[in-house]
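Hi everyone, thanks for making time this morning. Let me put the structure up on the screen, and then I'll walk you through a few parts of it.

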Amino acid sequence: MADSETNLVTINIDGNEHSVPNGMNLVDACESVGVEIPHYCYHPKLSVAGNCRMCLVEMGMPMRDRATGEPVLDDDGVQKIGWMPKPAIACASKTMPGLHLKTKSDLTKECREGVMEFLLVNHPLDCPICDQAGECRLQEFATDYGRGFSRYVEEKNVKPKRTKLGPRVTLDDERCILCSRCVRFCDEIDENPVLGFTERGSYNTLTCFPGTQLDSNYSLNTVDLCPVGALTSTDFRFKMRVWFLKPTPSICTESSAGVNTEVWSREGVIYRITPRRNDLVNDTWMADTGRALYHQVEAENRMKSFRVDGNRASIGEATQRVRELMSVGPVAYVGSGQMSVEEQWMLRKLAEVEPGAVHFVYHQGEGDDRLISKDKTPNLRGGLLTGLLKTLPETHLHALRDQLEKGEVKTIVCFGEDLVKAGIGPDLLKKANIIYLGSHRNDTTDIARVLIPTLTVFERSGSFVNQQFRLQKFAQCVPGPAGLLPTTALLARIISEIKGDAYTAPSNPMLWREMGLAIEQFAGVEFAKIPATGLELDSSAFAQLPFVEEKGWHYEPAAEPAGAESSAH
Amino acid sequence: MAVKVVDRSPLNFWEKTYMPQVLGGLKITLDNMLRPKVTLQYPEERPTIPDNYRGVPTLVRDPNGREKCVSCQLCEFVCPPKAIRITPGDIDDSDENAHVEKRPKDFEINMLRCIYCGMCQEVCPEEAIFLQDIYSVSGYSREELVYHKAKLYELGGTLPDQHYKWDRKKEAEEKVAAGGHH
């Protein structure tokens, strides 16, 4: 990549000279200088198929004499351009020095009109019921490059609609324009070739091979890839038109891979999650399981009110009770890799005001060597960077259990971690004062003295540090339930309650100014200036730690993975 | 500002008596007494509503009784006062209209917000929403004036269809299923 960036060549698009990397795909090169070449089958992350013919343009090279190699000049002494007699597809061509393109000529226009007419011949008039309407390339290019009327009077093709290709994907074959992006994705990226075309000519139909179905955990990427509404997500099907939805950049919390996502919401309700392109983390893909995570926002067991000793309370009463319980005896903190860097920093400040050991649980599970890592929390490395953790945590809280048994700990401040699941028995927990800050109820919340509801990742903003030590921001997508505060504000309130001074809710930029001064790796980082693709941090201090992550699509483990001792729970 | 001097010449004798004006007014009254009546005894008598009248927006069925709305939500999008709210839903495979795939689970029009602009009718790709001849809207509560799907279909009734788009689609499907040309 570095080579091609430095190796720039000049190409001429519609009479304007542009400097682009040598050998870059022409569709991408034109896009990078703001010239659109319409295309259906080409995708930057897939092989070139060249079957849709939408990207036809006129190409030419400066003319040279065949015998001598001398430039052929016209009467004005300018080198002549040898235009190819027929248009060529841009997606199968690369940039080269002196290349000339005509993307707005009459011939190019006619080509596009012709291709659009053929594509629309058998395309059903489904737009009112089609989920793709609003983000459909066929709709867009029909208005931008189409003829504007139909000359077709014959009956349209009939193909199967509503075919269930797999548990999460529904196919409408009539809408398919046979671009084969999904086929190539399954073949090349997912390496699970289940899709193919059967029949010939206008009977050509996309289907699964006999005895197979599109059930891979990456199947919904085919829905994102589909330029028309042929492949639809069964979860999102007929739920909401896309023009009502607002995309917000976010980060997937499924694992420490830190997949970049876009969360689509309308009026505070999330309807779907799609991947956001980041060539250094997830390209344009994400796993299906991560797309279902938004259901936690409206889950049955969501905590929505502050509770003290089982009764509803105000936030003031709750923080007052927290102060009382924390002064009872030795305090221990159970942090979490689900907390953002900012929240972990506030926890560190709390642990400085009211000293106590900070415990973490190492959530390990199955990885797939792709975009799901074996660490099931998005921000364990934030705990290391903020200084909450000195080394990697255990998969259980047996050390804390032993301390509880000996009576060395009286109060536990727990951040969304199910202590019962982490290996502390309910009977033992009942002896301690548990202050629980979390978004959902579980076995531990039944025992806790103080319950403080927190926001899910979709309702707050902050940053995570993924397995590559890449600092990535996520934005608030939807407002949280009424009366709930971000965990940073809750912690600030508890700290001021303990100290007895005035409370101000900290903002993320403010916390980052503090962290920039206090933490070596965060020096010079400004929250507002963290790029959309993330910021790689210096990880040399942690290079020797045996992280569990194994090789993934954009991740090479630095140290030997400690896979042998992983015990999922 | 320029000053304009208005001519106010003194009144003559007849004008001073006011009689010409009084008699002129009485003439107009008498003329109208003898003309045919135009007043309607509303609400017993109702005016004839012209065809292009924009009354209450309603949902209509096609002559076969199929609800025409497919919940594409274009009217919801275009509605200037945001009076329309649609909850989309799918059609079960066992339904006779399964080939249409989509219909509204609920369709709300808030009549307190509606400004009778007719944009919803204009934008509808399925010709399912029409501003018909209902002009009198009243209710005892705000909730009552949010019309839901059942009420909107009741008000809309059935209108003639020029296209039978979905019926033709079903016919084509059946023809292919029977082994005919597609």
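Predicted model: local features only at pLDDT ≥ 70, side-chain atom pairs only at ≥ 80, totals over all residues.

If you take the contacts in chain A with a separation of 6 or more, 63% of them join residues 24 or more positions apart.

Now to the inside. As a general point, nonpolar side chains in soluble globular proteins tend to be buried together. Here the largest nonpolar core has 134 residues, and those with the most contacts inside it are A:Cys55, A:Ala90, A:Cys414, A:Ile435, A:Tyr436 and A:Val450. The element that gives the most to this core is helix 14 of chain A, residues 487-499, with six residues. Apart from that core there is another one, of 28 residues, including B:Leu59, B:Val70, B:Phe130 and B:Leu152.

Let's zoom in on A:Cys179. You'll find it in the loop between strand 8 (169-171) and helix 5 of chain A. Is A:Cys179 buried or exposed? It counts as buried, because it has 25 C-beta neighbours inside 10 Å, and the cut-off for that is 20 or more. Leaving aside neighbours within four places in sequence, A:Cys179 is in contact with A:Tyr40, A:Cys41, A:Asn51, A:Cys52 and A:Pro227. A:Ala49 is 130 residues away from A:Cys179 in sequence, yet their C-alpha atoms are 8.2 Å apart.

Just after helix 5, have a look at A:Glu191, which takes a positive phi of about 50 degrees.

Last stop, the interface. Here 15 residues of chain B are in contact with 11 residues of chain A. On the chain B side, strand 2 (84-90) and helix 6 (165-177) each supply at least two residues. By class, that side has seven nonpolar, three polar and five charged residues.

That's my tour, and I'm happy to go back to any view you'd like.

Terms used:
Residues numbered from 1 in each chain as written. Chains lettered and ligands numbered in written order. Helix = DSSP H or I, 4+ residues; strand = E, 2+ residues; numbered from the N terminus. Core = buried A, V, L, I, M, F, W, Y, C linked by C-beta atoms within 7 Å. Buried ≥ 20, exposed ≤ 12 C-beta atoms within 10 Å, placed from the backbone. Contact = placed C-beta atoms within 7 Å. Nonpolar A, V, L, I, M, F, W, Y, C, P; charged D, E, K, R; others polar.
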